[in-house]
Amino acid sequence: MVVIMKKRFLDVFPFVLFILFSLVVGSQSVVGSCLADFESLSKREQVKLLEELCWQNREKQSDKAIEYGLRGIKIAEQEGFQKDMGVLYNYVGVIYQHYKDDIHTAINYYNLGLPIILQEKDSVEIAYVYNNLGDAFYHTGNEALAVEYAQKSMEIFERLQNKRGIAYSYINKGYLSRQSEDYETALHYFKTAISLRETFSDSVGIASANLEIAKTLFLMGETDSAMQYFQESLHRHIHLDNRSYMAYSMQGIGDVYFAKQQYDSASVYFNEALVLCEERNNLSGIIDSKLGIAKTYAAQGETDTSISILNEARERAKDSELGGNILKVYRALGELYDQQKEYQLASENYQTYIEVCDSLFSVLQFQALDEIKSRFQITEQLNSAHENLKAKQKIQIYAYVIIAMLIVFAVILFLRNKTIAKLSADLAESNEAKDKIFSIISHDLVSPFHVLLGASDLLMESLDEKDIENAKNHSYLLKQTSEEAYRFISNLLAWSRTQQKSIKLRKQEFNFSKLVRDVKAMFDNQAKLKNIEVKVEVPDNLKIKADKNLLQIVLVNLLNNAVKFTNQGGKINLSVTADDNHLKFVISDNGVGISAERLAGMFTDAKVESTLGTRNEKGTGFGLILCKEFVEMHSGEIHVKSGEGEGAEFWFTLPLQ
């Protein structure tokens with residue numbers, strides 16, 4: 001959970017003035033200007049600047065962010081800025097946990113900051129540290145501590161009516177409910193967190209909560225709903241440029257495709273997730289991506305490649321301090337060797353898996369857990385006493401202030417005998433002052449490890465028992481499911497890369513005529529089921545220089561839409577023409593057509609939505625957006641002509657020079 005710490009206006013006011021001044025004088029880089037004039041700032045301003053830089057750079061420049069945080073801690077320690085030290089320790093812990101994938105180091109920093117925050121008696125900051133510790137212990141498998149810290153942070157946030165903090169607590173509670181396989185309760189917590197975050201426009205928090213809903217739905221076996229939430233999470237994290245969570249969303253989409261036996265699409269997403277995780281040096285993400293890639297190879301019969309990838313994952317897992325990573329790899333190896341009937345190798349990996357489990361649940365660890373819990377209880381009791389004393393002192397102080405003010409007003413009234421008008425003005429001013437005081441009062445008062453993910457292997461009982469009729473039924477179901485899943489082609493991944501301008505054209509010369517015929521062949525069965533005639537008019541051996549993969553996505557989307565919206569017994573025509581300068585591809589159908597309202601926003605993502613086909617076929621709503629972007633990346637144009645009930649004609653042109 002990413003925690004945004006509370007900032008007090010008076011503390012950061014000098015820093016804000018400095019930033020505004022930089023903007024006024026035309027600085028092209030606020031950060032660069034601030035650092036250039038760093039020594040001219042006061043020590044307080046230096047620490048506040050380093051806090052801002054630490055938090056702002058947490059995702060894109062994590063190492064730099066940690067450097068800023070540690071530098072700020074050093075200055076704060078020298079100057080005695082205790083609260084700033086506690087805040088920065090928490091910031092650095094968050095970066096290690098969520099962006100460096102080093103939870104144990106994160107816990108160390110949380111524990112360094114906690115006693116400082118407790119001493120400062122800042123309830124909000126205490127609650128955030130507790131929340132972060134709960135999240136960290138959940139991911140290391142200490143469910144007991146995770147539950148206790150989550151509950152304590154929730155109690156404080158609810159007492160302070162802090163919506164942002166309550167939302168983080170709901171996310172933690174969702175984790176724990178999912179850990180206990182109470183999926184409905186977990187969904188409730190995640191959705192409640194989204195509702196709260198919408199009230200203060202927390203786009204980062206909403207995106208991460210969508211990801212958790214998707215993971216939960218996948219564990220419930222609701223793959224279609226899970227796909228929608230994974231895609232929504234990916235879409236939001238693309239706009240946030242949060243590459244770590246983009247990778248997690250892609251892994252989820254890959255898992256859904258794998259569950260639907262769409263192995264090629266699953267492999268694409270797992271590989272793209274691996275690229276992002278390697279970029280961020282996210283060991284857990286790298287291992288999960290490699291496990292996904294390995295299982296797609298295994299499912300397609302490429303066992304040697306799968307084993308090679310798993311061995312790579314095992315070596316990377318040894319570099320990770322999280323035992324769950326190595327457990328996942330040994331389990332995957334054991335299951336793969338078991339499937340291949342290499343029982344000796346399977347037994348060795350299962351035995352290693354058991355040994356790691358035994359080590360992780362050793363007596364020493366439970367003793368350490370009890371010691372940490374005992375320290376937590378003592379610290380909490382101390383903090384509770386401080387909180388009560390603080391509240392009592394504040395009430396007394398403000399009561400004395402109010403009494404003193406009333407005495408002053410009475411003396412003034414008695415001695416000076418002011419006019420009624422002046423007295424009314426004084427009383428109004430007094431009421432305003434008291435309102436401010438009460439406003440201030442109101443403000444201040446106011447596992448074991450992750451359940452190992454994965455679905456049980458497909459049972460081949462029908463084939464083993466030679467039950468041919470049942471096997472045919474399974475084959476039909478497999479075919480039907482594959483065709484349904486294919487409509488969810490990997491559009492969001494490619495589209496997300498275009499939004500980040502990270503996709504590059506990889507042009508090569510290839511036979512465009514063959515590509516058109518190959519794409520048409522993909523839909524032969526689907527067209528046959530609807531008795532649709534697909535006619536192809538393509539020159540023989542038409543070669544062009546372009547990105548074959550991107551154009552294949554364009555053709556697949558256009559033909560998929562044509563089949564989807566053409567009625568039983570309809571016709572679809574594909575044609576390609578070319579001259580010295582341009583290639584033109586045209587696809588037309590005599591289907592249901594497109595209304596004028598939908599036609600106006602056909603190629604925009606202002607309102608992405610999917611329409612059911614003539615046989616209730618599903619889609620994602622992003623296909624035509626991708627078509628437009630990929631064609632334009634080739635410096636081409638795409639157009640559509642249609643009317644409701646009149647069929648549709650799409651065409652695009654590509655320059656050949």
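**Salt bridges and a helix pair in a predicted model**

In this predicted model, a network of salt bridges links Arg44, Lys48, Glu51 and Asp84.

Me: How many salt bridges are there by the rule used here?

Reply: The count comes to 26 salt bridges by this rule, which asks for a side-chain nitrogen of Lys or Arg within 4 Å of a carboxyl oxygen of Asp or Glu.

Me: What makes the meeting of glutamate 67 and lysine 64 a salt bridge?

Reply: The side chains of glutamate 67 and lysine 64 meet at 3.7 Å, N to O, and since the rule asks for such atoms within 4 Å, the pair is therefore counted as a salt bridge. Both residues lie in helix α4 (residues 62–79), where they are 3 residues apart, about one turn of the helix.

Me: Why is glutamate 67 called partly exposed, and why is lysine 64?

Reply: Partly exposed is the term for what lies between buried, under 20% relative accessible area, and exposed, over 50%. Glutamate 67 has a relative accessibility of 44% and therefore counts as partly exposed, and lysine 64, with a relative accessible area of 33%, is likewise partly exposed.

Me: Are aspartate 241 and arginine 243 buried or exposed?

Reply: Aspartate 241 is buried, and arginine 243 is buried too, a term that stands for under 20% relative accessible area. Their side chains meet in a salt bridge at 3.5 Å, N to O.

Me: Why are α7 and α9 called roughly parallel to each other?

Reply: The axes of helix α7 (residues 123–140) and helix α9 (residues 163–179) come within 10 Å and cross at roughly 20 degrees; angles under 35 degrees count as roughly parallel, and the two helices are therefore described in that way. Their crossing is left-handed. Among the residues that make the contact are Tyr128, Asn131 and Tyr138 of α7, together with Arg164, Tyr168 and Leu176 of α9. The residues of this contact divide into 5 nonpolar, 7 polar and 3 charged.

Definitions and conventions:
Residues numbered from 1 in each chain as written. Predicted model: local features only at pLDDT ≥ 70, side-chain atom pairs only at ≥ 80, totals over all residues. Heavy atoms only, no water. Axes fitted to C-alpha atoms, helices over the stretch in contact; angles between N-to-C directions. Helix = DSSP H or I, 4+ residues; strand = E, 2+ residues; numbered from the N terminus. Parallel < 35°, antiparallel > 145°, perpendicular 65-115°, else oblique. Left-handed = near helix turned anticlockwise from the far one by under 90°. Contact = heavy atoms within 4.5 Å. Nonpolar A, V, L, I, M, F, W, Y, C, P; charged D, E, K, R; others polar. Buried < 20%, exposed > 50% of the residue type's maximum accessible area, 1.4 Å probe, protein only.
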